[in-house]
Structures are given as C-alpha cells and as structure tokens.
Amino acid sequence: MAYGSSTTISYLGTMAAGAMADGTGFKPATQGIATSIQAAANGHTQLTANVKAAGGSVDTLCNRDISGSGAFTGVVPELYTSIVGTGIGVDRMKAHGTLMFGDSPLQMAQTFFAAQGLVSISEDLAPTLKKLNDGVEFGKFPNSDSLVYPSGGVFPNYLGSGYPDYQAVVTNGVSTLVTTANVSNFQLLASDLVNLGSAFDLSDIASFGNPGQIIATLYNANGLSASGLDVLLAEASVDPGSIYNLGSENYNVIMQAILDGVTTPELIANAQLLLETDLNLQSLGDYTDFEKIFVNSKDVISFSTMAEFKTKLQALELGRIETVAQLATYINSVEPASLPTIGNNNNFVVTSYVDDMIAKFLGGTGPYGAITLSDMIGILGGVGISTHATEYITVMNRLYSAGELTALRARIGELSAGVKGDYTTVVSSGPPEVINIVDPFDGSNHGGFGSFQAGKIGQIEAACAALISRRNVNADIQTAIDAWNNMFKKINDEKDFQSRVDMGYEIRTSLIDNAYSFITELRGTMNEYNKGPIINGMVNQAIAEGDVGGEYMRAYIKELENKQVADDFDIRWRAEFDE
C-alpha cells in the first residue's frame, strides 16, 4: 500500500497548535538580541528613559556623523529616525518586535497572514514589474550582430522585431504577417497555408521554404517513386537518404532543378496527395513559387518572397508547431484587438501606469526585487539582524578591552548618575528649592538638571567624536558603526515594507482558529518565502527563555522536515492520523 501525507493534522501538529493557543511556543527574537546588545562592553550603553526625563533630550545623542555615532551611545542613527523613531535604540528594537508579535503567538500568526498577502502578490508581479521598471523595448536585440556580452551579464529587455507594437503583443506576432491586422486577413493567410499541407518543415525553420524540404518530406513518406523523383535524383547522383545540407545555396539550386523536372500531372497529383497540398502546380518546382502559394492572401500579406516569410517566422514564437498546416490552424484562431489609439504604439512602457505598483510591490531581496517575508517581518526571528548584532557585540567588547570606550563610557555614566541626584547639593529647600550640581569631570557648577545634562551631552559628543577620529587606527570602530547602522536599517526597511499594506495591528484578535491555520499552513509553506528561519528564530528564543511550548513547536517543525523524506518513499507516518 502506498502512503503519503494525510490530510489530517498530525499529533505533534495538534500539540503545537495547542501550545500556541495556550500562549506559548514563540517569543520575538528581538528580546534576546536587545538584551545581549545592552550587555555588550560591560553595559557600556547606560542611557535610559530616566535620563531622558531629566531634561535635555538624549534621543539624538551622537547619532550624526558630525558628532560621532549612535553605535556608541545606543541611539537610532539619524538616517532612520523618521521611520524607526527617536528614543533609545534597543528600546525601539524591542518595540518593533513587540508590535509585530502582539500579545500572544495567536496575534503573531495574524502578522504572518497580513505579511504573506503582500509577499504573495509581490512574488507574482515582481518579474514583470522588474522588466517594466527596466524599460521593456520593442525592436532588435541590442548588439545582436556583434553578440557583445553585456557588463555584469545582464541583458537589456526587449521584445524583438516580431513584436513591433501593441497589436503584435496582443497577437503574439501574428499581426506582423499581414499589412492590416484583422480576422479576415488572418483567415486569408491561413487558407493559403492550409493548401501547403506538410510540404515544408517548420521544425527546421532555418531551411524553411527550401526545395530540399519537399524532397526530404516525400522521401520520409516513401513517395519518391510515386512522384517520379527517384529517377531524377538517381540521374543527378543524389542519395535521398543523405539530404542534409538543406541550407546550402548550391544545394538548393540542384534540388530546385530536380523538382522542376517533374511535370507529369499524375506524378504531381501523387505528390500533392502525399503532402496533403492543394495547389495549382505545373511542376513540383512550383512548390517554391511564391505566386502559386499565396493566391488568396497576396494582397494582404506583409512579405513578398519565401525568404521574407521565413525571416518573419523566425522572429516569432512558434512553440511546438512543426507543419505549415499547424501554423494555419494557429493563425486562423488568433484574433487582433480593436486598438484605435495604441495599436501602433512602439513605446511599450507607460510609466505612469506602473509606478505605483512598482513602488508597492518591488524593492525586496527576492528574485526580481520581490518582497519576501524576511524583508517584512524577519526581525521577529532575528533574520537580517542577528548577524549584525553578533558582530556589534563582538567588536564592542574588543573596543572595551582595548580601552577605546573608557572616556565615553565615563561621561555616559556621569550623565546617568547626575540626573539621579548623585552630584546634587541642596542649597536651599525653598520654596523655591535651590540646588547645585557639580560635574565631577570638570568641576563645573550647575543650578539644575537641565543645565547639567546639556553640559554633559556636549562632553559626551566630544568624547564620541574623539573615538570616531580613531577609525583609521582601530578598524573595530568602523565595524561597530556599520553593524549598528545595519541593524536599524533593517528595522527601518521592515517598517517601510509594512507601511505598504494594512498589517491589522489595531484589530488583532486572540482567536484559537489562528493557531490551527498557522500550524497547518506550515506543512506546505515552511520553506517558502524564507518563512522557516523566522519561525525557528522565535522558537529558539522561546526555548532559551524556558518556554516548554517552544519544544513542541521545534518537534513539529522537525517532523515536517522528516516527513518530506518519508513521503518520497510512501512511508506511513504513524504520528499522523490516517484510517
């Protein structure tokens, strides 16, 4: 008996769904990442909400190149504050993860559902939108004569000479075969092609219309004797079984002469019967007579020789069409569109029509710029940020050990201590209360927290600028800046992508149905849209926090992977209910 996947959710799948419904199994990876960042360099970044509340904002402390880098004060880089927002950086990171996760795994599932809608549409549209954005052109392929390989291996987009306008696109090039694209002209051309039967072989388009094709076809139909060609071929010392060079001009002259030699009506009739043709022939050589072939359509076709006809056909997509009769059936079934304004347009892209779609559905890291789940919500599982976080933590610890952060760390610590009152002396209890704050760094006296904080911010920015000036001495300084910027660029980009669709954050529910839908969807889509790493990242965070439900999720995910192997061998999966 052959087995495979049951349509019923497995036992482990049900347990995983139950864990989700119970509020377990997943945690936003940003929690663990932010905590690790805060602990880096022995808790170097000490700015807190309490410091901010004391007066004199620290949200932008050193976040500009002119004053240093937010990497060393823990604030959002200036470049990303418009979307990521101000405030302490790791707090913004946590807030972003919490917003996506919601109050429970059930609400997190809805974030996935909302994101998948945009991702799915983007995946479908991206190839076409990318080509349109690059400017799809009509006409000849650039550099086709010289076959110059373009820089970077990226060829320009084009439709080709067989598709010179919108009408040709509508008819897939058939309209280029007639002077005016209409059904009656298509039918006239098709009627002439029907009369050609199987005389010519379209599978060998390079030799199409050559006289040797007639002889080769009759030879394959065992019709050389019936058509009288056997005698003429023998007289010319031509072995019909060795007809191969149909494209040779000299060979065509010989083949044409042999066909011209068959003028007996009975032999011509036999050949027409075998080739299923219906032409008014005086000799078999008339098979290549343009005037004898295109009797009905001669006034409407856009070519005047068989060579021109072949050239036009070579520019078209003919799929599996091998005979002229098949071509006739195809042409007879194609219909042009009534396009009074754009039919002859040879400028394919109307940018105003696609600009909004490009702005919404492109810009991601997927094929053709498609937006992926990682682009939209990757940080939930640490995707796109964990590597940068690890790099940041590593180099910050090295900078701390090297003493590069000593001065800056001291100034930040003094700011934090000062606003908590560690340096405050009450001169008069008032009212109003009069205080002095003596800055331990330079001994300056401040009459209030605002003045103290403003002075300390200046000292911090000076220390930060001094640190930045040593980038050429210690490469870790620039590495830390780059890693920090990359983390917040990722948050910025996710928020940008999410702004393109209604994520439904305001209307999320905790319906248990979400758990079932999310778990059962994983079965077929775990490896799609880069979903797996995001989910595994959240599961790993849950387990790291002691969430047993995360282990049920991990077990189910591994079951899905193993089942794919079992299904290849039709092995029954015993933990999957199957009657």
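Student: Which residues does Tyr556 touch, not counting residues up to four places away in sequence?

Tutor: Tyr556 touches Ser10, Leu12, Gly13, Ala16, Ile519, Leu522 and Arg523. Contact means heavy atoms within 4.5 Å. This is a predicted model: local features need pLDDT of at least 70, side-chain atom pairs count only at pLDDT 80 or more, and totals for chains, interfaces and linings use all residues. Residues are numbered from 1 along each chain as its sequence is written, and side-chain values use heavy atoms, with hydrogens and water left out.

Student: What makes Tyr556 buried?

Tutor: Buried means under 20% relative accessible area, exposed over 50%, and partly exposed in between (1.4 Å probe, protein chains only). Tyr556 has 3%, so Tyr556 is buried. Tyr556 is found in helix α25 (residues 548-568). Helices (H or I, at least four residues) and strands (E, at least two) are DSSP runs, numbered from the N terminus.

Student: Why is the pair of Phe112 and Phe518 called edge-to-face?

Tutor: A pair of aromatic rings is described by the distance of the centres and the angle of the planes. Rings of Phe, Tyr and Trp (its six-membered ring) pair if their centres lie within 6.5 Å; planes under 30 degrees apart count as stacked, over 60 as edge-to-face and the rest as tilted. The centres of Phe112 and Phe518 are 5.3 Å apart and the planes stand at 75 degrees, so the pair is edge-to-face. By this rule the count comes to 16 aromatic pairs.

Student: What parts does the pair of Phe112 and Phe518 tie together?

Tutor: Phe112 lies in helix α6 (residues 105-134) and Phe518 in helix α23 (residues 513-525), so the pair ties together parts that are 406 residues apart in sequence. Phe112 has a relative accessible area of 0%, so Phe112 is buried. Phe518 is buried at 2%.

Student: How do you know that Phe294 and Phe303 form an edge-to-face pair?

Tutor: Their rings are 5.2 Å apart centre to centre, with 80 degrees between the planes. Phe294 is buried at 0% relative accessible area. Phe303 counts as buried at 4%.

Student: What makes β1 and β3 edge strands?

Tutor: Two strands pair if DSSP finds at least two bridges between them. β1 (424-428) and β3 (445-446) each pair on one side only. The open sheet runs β1-β2-β3, with antiparallel pairing. Between β1 and β2 (residues 434-438) there are 4 bridges. Val426 has Ile435 in β2 as its bridge partner.
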